[in-house]
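Work through the exercises below with the sequence and the model side by side. Each task is followed by a solution in steps.

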Amino acid sequence: MMRQTIPLAFAALLVGVLLFGTIAKSQTNQGAPIEVMEKEPEQPQGEVKKSDEEWKKMLNAEQYRILRKAGTERANGEVYKQFKKQGAGTYYCAGCDAELFSSKEKFDSRCGWPSFYDPSKAKNVKLDVDYHLGYARTEVRCNVCDGHLGHVFTGEGFDTPTDKRYCINGTVLKFVPDAEAKDDKKEAAEKKKAE
Ligand SMILES: [Zn+2]
């Protein structure tokens, strides 16, 4: 009996150490608030539904608070700084990978949150009226996983084709830079090397 227990305890310890290593590693990988990916994620086919427990496991705490509990990220925070620096590319839902916005519709509204004048994939975005602040606001949700993304405001006088401001939490977006932009960077880096 004793002989079997010791290797078992040892195996459990080993699994524990390995698991801890993986968790610690995935946390350091989340250095930047908006996850940047190399290429377009596979697009979901149909609705994405998960239990609350599954969402909690898959999302980080801030993403969960915003997507599943209609929270709002801090204005002018790290997310916004990262967003402002990003060039051409496409934004996907952190909950389900559906394409939502692109840099083509991005504009600087100076409101402290990522702003777009239109979604890039209209069918993946739905609107809903909420009264969380005591008055009606139009909520923007992901039409694929039903996650909360932010709000849309109309008629604020912005010089954009729609005069709409999709005020979006950057925390719930994933970014894929355009291949061209990446090539430009590569070329620039190679040129620098050659000099
Ligand atoms: Zn989604």
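The model is a predicted one.

**Exercise 1. Decide whether Leu-67 is buried or exposed.**

Step 1. Locate the residue: Leu-67 lies in helix H3, which spans residues 61–69.

Step 2. Apply the cut-off: a residue is buried if 20 or more other C-beta atoms lie within 10 Å of its own.

Step 3. Leu-67 is buried because 25 other C-beta atoms lie within 10 Å.

Step 4. Look along the helix: Gln-63, Tyr-64 and Ile-66 of H3 are buried as well as Leu-67. The buried residues of H3 pack against helix H2 (52–58) and strand E7 (148–154). After H3 comes Ala-70, with a positive phi near 55 degrees.

**Exercise 2. Find which residues Leu-67 contacts beyond four places in sequence.**

Step 1. The contacts are Leu-59, Ala-94, Gly-95, Gly-147, His-148 and Val-172.

Step 2. Consider Cys-93 too: between its C-alpha and that of Leu-67 the distance is 9.5 Å, while the two residues are 26 apart in sequence.

**Exercise 3. Identify the residues that touch the most other members of the largest nonpolar core.**

Step 1. This core has 31 residues. Those touching the most other members are Cys-93, Ala-98, Leu-100, Cys-142, Ile-168, Val-172 and Leu-173.

Step 2. Trace the core to its elements: at least two residues each come from H3, helix H4 (78–85), E2, E3, strand E6 (137–142), E7, strand E8 (164–168) and E9.

Step 3. Take Ile-168 as a case. Beyond four places in sequence, Ile-168 touches residues including Phe-101, Trp-113, Val-140, Leu-149 and Leu-173.

**Exercise 4. State how confident the predictor is, and where pLDDT stays under 50.**

Step 1. The average pLDDT of the chain is 87, and 76% of the residues score at least 70.

Step 2. Over residues 21–30, pLDDT stays under 50. For this stretch the model has 1 contact beyond four places in sequence.

How values were computed: Residues numbered from 1 in each chain as written. Predicted model: local features only at pLDDT ≥ 70, side-chain atom pairs only at ≥ 80, totals over all residues. Helix = DSSP H or I, 4+ residues; strand = E, 2+ residues; numbered from the N terminus. Buried ≥ 20, exposed ≤ 12 C-beta atoms within 10 Å, placed from the backbone. Contact = placed C-beta atoms within 7 Å. Core = buried A, V, L, I, M, F, W, Y, C linked by C-beta atoms within 7 Å. pLDDT = per-residue confidence, 0-100.
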